[in-house]
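Please read the following briefing alongside the sequence and the three-dimensional view.

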Amino acid sequence: MSFKVIGTGTCLPQKVVTNDDLSEFVDTSDEWIFPRTGIKRRHVCTTETLDDLAISAAQKAVEMSGIDPGQIGLVVCSTTSSDHPIPSVACVVAGSLGIECPAYDVYIACSGFVHGLEIADGYFARGRAKYALVLSAEKCTRLVDWSDRSTCVLFGDGAGAAVIEATDDESLPMRGWTKAGFELTLPGQPSKSPYDQHPADYGDSLAMNGRAIFRFAVKAINKEVKALAAEAGIDYHDIDHYIFHQANERILSFAVDHLGIDNDKVVRTIQETGNISSACIPIAMDKLNREGKLHDGDLLCLVGFGGGLSVGSCLIRWQS
Ligand code: COA
């Protein structure tokens with residue numbers, strides 16, 4: 001039992017903010033941001049809600065798949081930046097498609113899309129669904145402190161989605177692990193309880209130790225590519241497309257150098273979008289798909305990493 005991707009979709013907010021735009025109100029510059037991160041611009045929500053992005057990306061993926069939405073047996077949405085934990089974004093998306101299957105969010109930061117695929121794969125294995133909609137929607141710009149130049153320049157907003165179909169092919173490896181740590185933190189709502197004696201431990205915005213996460217990310221990509229290939233019994237150089245989380249161009253370049261892989265096989269969206277947390281991977285996959293770069297039989301390697309700290313990775317055989 002395995003699955004194939006039959007539809008992909010992306011939605012990015014209309015407004016584009018360049019590095020020069022940021023330098024008008026934060027002490028930063030394109031000369032600092034671009035060489036250290038690879039980011040030139042990012043899309044930022046203004047009138048769009050996170051639900052709008054999620055619904056639009058999902059609709060595009062369903063439309064490409066050609067299936068009737070009623071055939072979808074599961075909706076999983078990865079997000080850590082939704083405007084409302086209840087209802088889940090997945091419930092909102094399911095409602096917009098007019099379907100009543102199980103629908104819920106996963107909350108595991110930048111590796112969430114891959115974990116969503118693994119959850120769907122489990123539904124397929126138990127015969128609980130034939131089709132699943134797996135998506136990621138993130139509005140990171142609502143979480144950052146816009147006066148903190150070390151974080152606000154890195155992130156953007158957007159959503160990516162995939163419709164997947166169960167197949168009888170042999171399973172390819174999927175992996176996931178965590179290394180609990182507080183290198184990246186995001187506070188929840190302040191407690192309203194009169195009994196609660198915990199202060200707001202994590203401040204009021206997304207915070208991180210950039211250097212620690214950088215090191216973790218480079219090691220994680222290296223480890224996952226080799227482990228997936230070993231589990232599949234292949235040489236990782238035979239992988240056709242590497243779709244890594246887009247946190248920093250330098251992380252991607254390090255991975256290319258460490259692994260000795262073909263730079264052109266590593267998809268990039270970071271320059272145009274910045275880091276959109278878990279939405280980066282489905283957006284990058286949709287980009288490759290819509291540019292006609294994915295061919296029947298191609299092997300894709302997905303590696304997501306980030307807050308938690310968490311990692312999710314898998315191999316996917318593309319079928320057209
Ligand atoms: N513009 C100008 N200067 C900046 C700046 C900005 N946007 N951000 C930080 N600086 C300054 C710092 O204040 C510091 O100045 P100081 O030496 O006078 O104190 C200097 O640049 C170096 O800061 P540092 O944080 O050490 O830079 P770095 O080389 O580690 O790069 C990151 C910072 C965030 C780009 C890099 O660590 C990174 O990308 N890490 C991964 C983070 C990530 O992707 N997180 C999400 C994972 S899902």
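Is T269 buried or exposed? With a relative accessible area of 8%, T269 is buried, where buried means under 20% relative accessible area, exposed means over 50%, and partly exposed covers the range in between (1.4 Å probe, protein chains only). The model is a predicted one, in which local features need pLDDT of at least 70 and side-chain atom pairs count only at pLDDT 80 or more, while totals for chains, interfaces and linings use all residues. Residues are numbered from 1 along each chain as its sequence is written, and side-chain values use heavy atoms, with hydrogens and water left out.

**Overall form**

- The chain contains 10 helices and 13 strands; helices (H or I, at least four residues) and strands (E, at least two) are DSSP runs, numbered from the N terminus.
- Taken along the principal axes, the box filled by the C-alpha atoms is roughly 55 × 50 × 40 Å.
- Of the 320 residues, 57% count as buried.
- Among contacts with a separation of 6 or more, 76% are between residues 24 or more positions apart; contact means heavy atoms within 4.5 Å.

**Surface and charge**

- The chain has 28 positive and 42 negative side chains, and the centres of the two sets lie 4 Å apart.
- In this count Lys and Arg are positive and Asp and Glu are negative, while His and the chain ends are not counted; the place of a charge is NZ of Lys, CZ of Arg, CG of Asp or CD of Glu.

**Aromatic pairs**

- Rings of Phe, Tyr and Trp (its six-membered ring) pair if their centres lie within 6.5 Å; planes under 30 degrees apart count as stacked, over 60 as edge-to-face and the rest as tilted. By this rule the chain has 4 aromatic pairs.
- One of them joins F214 and F254, which form an edge-to-face pair because their planes stand at 85°, with ring centres 5.6 Å apart.
- F214 belongs to helix α7 (residues 210-232) and F254 to helix α8 (residues 249-259), so this pair ties together parts that are 40 residues apart in sequence.
- F214 counts as buried at 16% relative accessibility, whereas F254 counts as partly exposed at 38%.
- Y242 and F244 form a tilted pair, because their planes are at 40°, and their ring centres are 5.6 Å apart. Both Y242 and F244 are buried.

**Contacts of selected residues**

- T269 is located in the loop between α8 and α9 (270-273). Leaving aside neighbours within four places in sequence, T269 is in contact with Q246, A284 and K287.
- P35 is part of helix α2 (residues 30-37) and counts as exposed at 51% relative accessibility.
- P35 and R250 are separated by 215 residues in sequence but by 8.5 Å in space, C-alpha to C-alpha. Not counting residues up to four places away in sequence, P35 touches D30 and R250.
- T18 lies in strand β2 (residues 15-18) and counts as partly exposed at 25% relative accessibility.
- The C-alpha atoms of T18 and R41 are 4.2 Å apart, although 23 residues separate the two along the chain. Not counting residues up to four places away in sequence, T18 touches K40, R41 and R42.

**Helix α10**

- Helix α10 (residues 280-290) is mostly covered, with 9 of its 11 residues buried. Among the buried residues are C280, A284 and L288.
- G292, which follows α10, has a positive phi near 75°.

**Backbone features**

- I86 and P87 are joined by a cis peptide bond with omega about -5°; P87 lies in the loop between β4 (72-78) and α4 (89-97).
- A cis peptide bond also joins G308 and L309, with omega about -10°; L309 lies in the loop between β12 (299-306) and β13 (310-317).
- A109 is not a glycine, yet has a positive phi of about 55°. A109 is found in the loop between β5 (103-106) and α5 (112-125) and is buried, with a relative accessible area of 14%.
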